[in-house]
Amino acid sequence: MTSQREHSILISPVGELSTELIEAVAGEIEQVFGFSTETNTILQDLSFALDDNRNQYHSTAILDRLAADIPPQAIRVLAIAQVDLFIPILTHVYGEAQLGGQACIVSTFRLNEGRSGTNVPPKYIERIVKEAIHELGHTFNLRHCPEDVCIMHYCRNEEDVDRKSGQLCRYCIIMLEDEIKRLGMS
């Protein structure tokens with residue numbers, strides 16, 4: 001059995017993002033999941049996922065490319081992009097993850113009200129961090145939680161994101177611990 005210290009979660013910025021934002025996400029990943037983080041860009045250009053009719057980026061296509069290019073030392077990859085993401089059945093998404101898979105993405109676009117990712121006020125950093133942890137949670141098989149303060153609670157708008165805490169509820173903590181044990185990483 002290996003330990004969490006032998007594995008890392010890769011944070012993969014797409015475009016220029018502030019060091020403060022990357023450090024906030026990395027710190028929370030380490031606290032919630034217990035894995036170290038590395039930062040390295042896997043995808044520099046997302047034009048392959050652009051839907052010209054919607055002028056948005058199809059997040060599922062991005063996930064497929066991320067998962068195909070994940071380096072061997074990383075157990076998960078979290079891309080952070082500044083583009084407007086969608087899946088066909090929704091007008092937009094803050095992020096998407098492969099449930100039980102290796103890849104997830106979160107976008108700063110709507111969480112930061114369309115501003116660039118280089119000058120992000122603390123309120124928006126908190127939103128982005130929450131959604132990054134939420135999407136990573138899905139890669140560890142965590143589902144949407146009915147507890148409205150749990151970080152795994154589904155959010156329809158920015159107010160929902162602001163309302164939930166930055167923590168997993170007791171039930172989701174147990175589910176995460178069980179999944180990490182099942183994967184042989186504890």
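Which helix or strand gives the most to the lining of the largest pocket? Helix H3 does, with 4 residues. The views below come from a predicted model, in which local features need pLDDT of at least 70 and side-chain atom pairs count only at pLDDT 80 or more, while totals for chains, interfaces and linings use all residues. Residues are numbered from 1 along each chain as its sequence is written, and side-chain values use heavy atoms, with hydrogens and water left out.

**View 1. The largest pocket and its lining.**
The largest pocket holds about 390 Å³ of space. Its lining has 18 residues, and Leu90, Val93, Gly95, Glu135 and Tyr154 are the closest to the centre. Strand S7 (95-97) and helix H3 (122-139) each supply at least two lining residues. Sorted by class, the lining has 8 nonpolar, 6 polar and 4 charged residues. A pocket is an open set of points on a 1 Å grid over the protein atoms alone, where a 1.4 Å probe fits, with protein on both sides within 12 Å along at least five of seven lines; lining residues have an atom within 4 Å of a point. Helices (at least four residues) and strands (at least two) are DSSP runs, numbered from the N terminus.

**View 2. Leucine 90 and a nonpolar surface patch.**
Leucine 90 is found in the loop between strands S6 (85-86) and S7 (95-97). With Ile89 and Tyr154, Leu90 forms a nonpolar patch that has about 300 Å² of accessible area together. Patch residues have over 30% relative accessible area and no salt bridge, and nonpolar side chains are joined within 5 Å. A salt bridge would be a side-chain nitrogen of Lys or Arg within 4 Å of a carboxyl oxygen of Asp or Glu. Leucine 90 counts as partly exposed because its relative accessibility is 31%; buried means under 20%, exposed over 50%, and partly exposed in between, with a 1.4 Å probe.

**View 3. Alanine 132 in helix H3.**
Alanine 132 sits in helix H3. Its relative accessible area is 0%, so alanine 132 is buried. Alanine 132 and serine 165 are 33 residues apart in sequence and 13 Å apart in space, C-alpha to C-alpha.

**View 4. Two asparagines with positive phi.**
Asparagine 55 is not a glycine, yet has a positive phi of about 55°. Its loop runs between strand S3 (50-51) and strand S4 (56-58). Asparagine 55 is exposed, because its relative accessible area is 59%. Asparagine 141 has a positive phi near 70° and lies in the loop between H3 and helix H4 (158-163). At 24% relative accessibility, asparagine 141 counts as partly exposed.

Conventions:
Patch = residues over 30% accessible without salt bridge, like charges linked within 9 Å, V, L, I, M, F, W, Y side chains within 5 Å. Areas by Shrake-Rupley, 256 points an atom, 1.4 Å probe, with all protein chains shown as cover. Points joined across faces, edges and corners; volume = space filled by probe spheres on them. Nonpolar A, V, L, I, M, F, W, Y, C, P; charged D, E, K, R; others polar.
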